[in-house]
Amino acid sequence: MPDVGTERNEGAYLVIQFSELKNRNSSVAVVGLGYVGLPLAVALSEHFDVIGLDLNERKIQAYLEGKDPTREVGDEAVAKCSIHFTTNPSYLNKAKFIIVAVPTPVNGDKTPDLSPIIGASELVGSNMSEDTVVVFESTVYPGVTEDICGPILAEKSGYKLGEQFFIGYSPERINPGDKVHRLHNIRKIVSGMNDEVLDVVDAVYSTIIQAGTYRAGNIKVAEAAKVAENSQRDINIAFMNELAKAFDRMGISTHEVVDAMNTKWNAMGFRPGLVGGHCIGVDPYYFLYQAEKLGFHSQIIAAGRRINDGMSNFVVDRTIKELIRAGVDVSSAKIVLLGMTFKENCVDTRNSRSIDVYNGLMEYGVTPVAVDPVADADGYQREYGISLASMEQAKNADCLVFLVAHDEFKGFSADELKALYNEKQKNKVLIDVKGIFSRVELERAGFRYWSL
Ligand SMILES: NC(=O)c1ccc[n+]([C@@H]2O[C@H](COP(=O)([O-])OP(=O)(O)OC[C@H]3O[C@@H](n4cnc5c(N)ncnc54)[C@H](O)[C@@H]3O)[C@@H](O)[C@H]2O)c1
């Protein structure tokens with residue numbers, strides 16, 4: 001691990017502070033222990049004394065019992081780690097390096113809801129000690145760290161920014177449910193309010209990130225990089241979704257088109273589908289908000305959001321159309337939705353667009369059965385008031401609608417799929433939003449198959 005600070009700032013105070021952290025004479029604190037904060041705190045605890053703070057008592061209790069509801073690090077790692085889990089913010093005064101990883105959702109009107117990050121800044125400011133570096137990891141639009149969080153920290157602490165405390169920003173790039181791209185092997189962007197702070201931020205993250213760090217020129221660049229990279233994904237998926245709507249009219253499967261496209265050396269591999277979650281479906285709105293405030297009206301990013309947000313309705317309409325064409329009585333049909341999380345192999349159901357598909361079918365007078373062997377079922381019930389059913393309850397279906405590509409689903413053979421249908425149902429309609437099954441194989445097996 002490069003001790004960058006020592007090289008560049010001989011005798012500087014902040015360098016001493018990093019060695020204090022390394023020697024465990026002072027602590028690193030992580031504020032907000034969710035999908036981002038928990039893996040980070042666990043990794044840091046192998047090198048530093050770590051305080052893990054979350055206001056959610058249920059969550060802290062689970063961690064104290066050695067349980068990992070996010071399934072990002074696993075129960076064993078939580079049980080074994082040395083993190084001091086707490087809901088008590090007064091422990092923050094023992095830390096000299098505080099990382100904030102609280103949610104940054106949008107309001108009903110899609111404007112940024114900064115209340116959690118403002119709340120966390122107030123909490124940190126009221127409890128931190130002098131000479132602390134505070135790094136924000138939450139996804140924000142450029143300017144939030146310096147123009148909103150920094151002043152709150154100063155006001156609540158009574159310390160002067162740049163003299164008595166310091167700020168930085170390091171966007172998180174983890175991809176929950178992804179077993180290949182993990183915290184340690186994803187290169188991390190780091191930034192600080194000046195070079196000296198950046199050295200410390202870089203040194204702390206370099207301790208845990210084997211893929212190395214990228215030192216952004218300043219905090220706003222690091223903030224912008226995050227919203228730009230997620231907007232880039234959103235737009236590319238929107239392009240595929242737009243193609244999917246057009247190809248549907250042409251009777252062409254977009255997934256098959258992508259398979260063909262992917263044989264070119266510079267293919268990007270994006271696929272059509274529902275775009276939910278609290279990153280790709282949200283971060284572009286952060287960019288749009290700030291750009292609009294400055295009088296810039298985005299066309300591409302705004303269009304991408306509109307297209308992607310409209311895909312659930314398209315899936316609902318096509319499902320109903322397929323059922324009618326197959327001669328199935330829609331009003332009495334048992335439609336089973338499979339995969340209610342916002343994406344494959346991830347327990348997280350927040351901001352999942354599956355709820356739009358569910359509600360869209362309800363508008364046609366159908367109450368679908370929602371099944372997900374991976375999802376956090378309690379979370380789904382809490383957030384949407386819908387109980388997820390078991391695979392057993394999926395049986396006797398008239399129509400199966402696969403919304404996400406969980407590995408569990410990919411293994412289903414045509415016979416196993418058939419066994420889920422009502423045996424009297426001659427026309428087995430199967431909607432495969434992510435194209436996880438082979439159309440040729442299922443059509444050969446007698447299914448009425450539709451995918452994007
Ligand atoms: N989950 C992802 O895939 C991902 C990836 C990259 C970036 N991000 C960004 O990281 C941030 C965190 O996301 P997440 O998915 O970990 O959210 P999360 O909801 O899983 O976790 C956030 C935690 O913060 C806690 N919290 C809220 N306010 C608090 C406060 N004032 N003090 C202490 N704790 C508080 C909540 O109880 C929750 O446990 C967001 O800005 C998100 O956009 C998320």
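**Sheet pairing and helix burial in a predicted model**

Visitor: In what order do the eight strands of the open sheet come?
Guide: The pairing in this open sheet is mixed. Its edge strands, each pairing on one side only, are strand 3 (84-86) and strand 8 (213-215). From one strand to the next the twist averages 25 degrees. The order of the eight strands is 3-2-1-4-5-6-7-8.

Visitor: At about what angle does helix 9 run to strand 6?
Guide: Helix 9 spans residues 219-250 and lies across strand 6 (165-169) and strand 7 (188-192). Relative to strand 6, helix 9 runs at about 30 degrees.

Visitor: Why are the buried residues of helix 4 on the same side?
Guide: In helix 4, residues 57-64, the buried residues are Ile60, Ala62 and Tyr63. They lie on the same side of helix 4 because the arc they cover around the axis is only 155 degrees.

Visitor: Which exposed residues does helix 4 carry on the face turned away from its buried side?
Guide: The buried residues of helix 4 are covered by elements including helix 3 (37-44), strand 2 (50-53), helix 5 (75-80) and strand 3. Exposed here means over 50% relative accessible area. On the face turned away from the buried side, the exposed residues are Glu57, Arg58 and Leu64.

Visitor: Which residue caps the N-terminal end of helix 4?
Guide: The cap involves a side-chain oxygen that lies 3.0 Å from the backbone nitrogen of Arg58. Just after helix 4, Gly66 takes a positive phi of about 75 degrees. The residue capping the N-terminal end is Asn56.

Visitor: What span does helix 13 reach from its first C-alpha to its last?
Guide: Helix 13 covers residues 311-325, with 15 residues. Its buried residues include Phe314, Val315, Val316 and Ile320.

Visitor: Which residue just after helix 13 takes a positive phi?
Guide: The phi in question is about 75 degrees. The residue that takes this positive phi, just after helix 13, is Gly327.

Visitor: How many of the five residues of strand 13 are buried?
Guide: Strand 13, residues 447-451, runs parallel to strand 12, residues 428-432, and five bridges join the two. Lys428 stands opposite Phe447 in strand 13. Strand 13 is mostly covered, and the number of its five residues that are buried is four.

Note on methods: Residues are numbered from 1 along each chain as its sequence is written. This is a predicted model: local features need pLDDT of at least 70, side-chain atom pairs count only at pLDDT 80 or more; totals for chains, interfaces and linings use all residues. Side-chain values use heavy atoms; hydrogens and water are left out. The expected span of a helix is 1.5 Å times one less than its number of residues. Buried means under 20% relative accessible area, exposed over 50%, partly exposed in between (1.4 Å probe, protein chains only). Two strands pair if DSSP finds at least two bridges between them. Axes are lines fitted to C-alpha atoms, for helices over the stretch in contact, and angles run from 0 to 180 degrees between N-to-C directions. Contact means heavy atoms within 4.5 Å. The arc is that of the directions from the helix axis to the C-beta atoms. A polar contact is a pair of N or O atoms within 3.5 Å; within protein, one must be able to donate a hydrogen and the other to accept it, and residues adjacent in sequence count only if both atoms are side-chain atoms.
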